[in-house]
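Dear colleague,

I am passing on the structure below, together with some notes on what was found in it. Please read the notes with the coordinates open beside you.

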Amino acid sequence: MWFLSPDFPGSQRLAGSLSLLVMMRVLFICMASCLLVVNGGDTISRCALAKILHEENLDGFEGYSLPDWLCLAFVESNFNISKVTENVDGSFDYGIFQINSHYWCNDYQSHSENFCHIDCQELLSPNLITSIHCAKKIVSGSGGMKNWALWRLHCSGRPLSYWMTGCHPG
């Protein structure tokens, strides 16, 4: 970088412009950092989820342990509360458990049985209670957690206790 002499014509204006550019760059970096933090807020930690699931009495619900529920949330959404996935049939999967709009919630985009009697957008809430209640309804029906293909492929019949490593839900 070259040195600006105060005697050089226009040097004050140029120095002011450089200061403005530096400030704008700093502001841009700050805003981008904030966006990254907000975006990162869509996921929940494994242990925080274990605590919530424990508080909602999911440990042992319909014969499924907390590690089953954690594995389900991981394989379906990677613990992303606000994940929405479009399926080839035109339906969508919503939230941490990727609950399908054709059967379980109403997304007002296609026909829905809406067995959980909820708007699909409620499944994206950081509160998770609506998602948990709907997931309980799904698991209580025929097939249990086998209703989720990814749970069948990656969690069913496997040792899952490691999902609780370092977590103290109760």
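This is a predicted model: local features need pLDDT of at least 70, side-chain atom pairs count only at pLDDT 80 or more; totals for chains, interfaces and linings use all residues.

Residues are numbered from 1 along each chain as its sequence is written, and side-chain values use heavy atoms, with hydrogens and water left out.

Helix H3 covers residues 66-77, and its end C-alpha atoms are 16 Å apart, which agrees with the 16 Å that its 12 residues should span at 1.5 Å a residue (the expected span being 1.5 Å times one less than the number of residues; helices are DSSP runs of H or I with at least four residues, and strands are runs of E with at least two). Of the 12 residues in H3, 11 are buried (under 20% relative accessible area, with exposed over 50% and partly exposed in between, for a 1.4 Å probe and protein chains only), among them Trp69 and Glu76. Just after H3, Asn78 takes a positive phi of about 60°.

There are 8 aromatic pairs (ring centres of Phe, Tyr and Trp, the last by its six-membered ring, within 6.5 Å; planes under 30 degrees apart are stacked, over 60 edge-to-face, the rest tilted). Trp104 and Phe115 form an edge-to-face pair, 5.6 Å centre to centre with 65° between the planes. Trp104 counts as buried because its relative accessibility is 19%, whereas Phe115, at 39%, counts as partly exposed. Phe74, Phe79, Tyr162 and Trp163 form one aromatic cluster.

Best regards
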